[in-house]
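Please have a look at the picture before I go on.

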Amino acid sequence: ELDPSTSEENGLDWEKFDYSLSPKLDLRFNNDIRNDDSIGSLEEFAADEAVEDDIDRRKLVELNEAYKSLDPELVERATSVLLPYVNA
């Protein structure tokens, strides 16, 4: 049942519901986003993503270096302890 403050024209009727082509960018669902398709905002978005990607890359390199610096004998012992429980 429609709320009394809504009318037939502005209610959520499935046959007239306006589906957005991009729900993540639909301001009806999220008011905090930038819904601006200008070239400037796209370039700004790409620059922000590049910074985040670089931070993630550095974290992955640091983790990889930590794994590579482990003593091979320690890795072998740890593997032999865990192996009976893998796919058991």
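This is a predicted model: local features need pLDDT of at least 70, side-chain atom pairs count only at pLDDT 80 or more; totals for chains, interfaces and linings use all residues.

Let me begin with D54, which counts as partly exposed because its relative accessibility is 26%, where partly exposed is the range between buried, under 20% relative accessible area, and exposed, over 50%, with a 1.4 Å probe and protein chains only. Residues are numbered from 1 along each chain as its sequence is written, and side-chain values use heavy atoms, with hydrogens and water left out.

D54 forms a salt bridge with R57, and the closest N and O atoms are 2.7 Å apart; by salt bridge I mean a side-chain nitrogen of Lys or Arg within 4 Å of a carboxyl oxygen of Asp or Glu. Both residues lie in helix 1, three residues apart, which is about one turn of the helix, and helices here are DSSP runs of H or I with at least four residues, strands being E runs of at least two, numbered from the N terminus. R57 is partly exposed as well, at 44% relative accessibility.

By this rule the count comes to four salt bridges. Another of them joins E65 and K68, with 3.8 Å between the closest N and O atoms, and these two are separated by about one helical turn because they are three residues apart in helix 1. Of this pair, E65 is partly exposed at 44% relative accessibility, whereas K68 is exposed, with a relative accessible area of 57%.

In helix 2, residues 72–82, R77 and E73 lie four residues apart, again about one turn of the helix, and their side chains meet in a salt bridge at 3.7 Å, N to O. Salt bridges that share partners also join D54, R57 and R58 into one network.

What about the protein as a whole? Its secondary structure comes to two helices and zero strands, and buried residues make up 2% of the 88 residues. The accessible surface is about 8,500 Å², of which 57% belongs to carbon and sulfur atoms, as computed by the Shrake-Rupley method with a 1.4 Å probe, where for residues only the protein chains shown count as cover.
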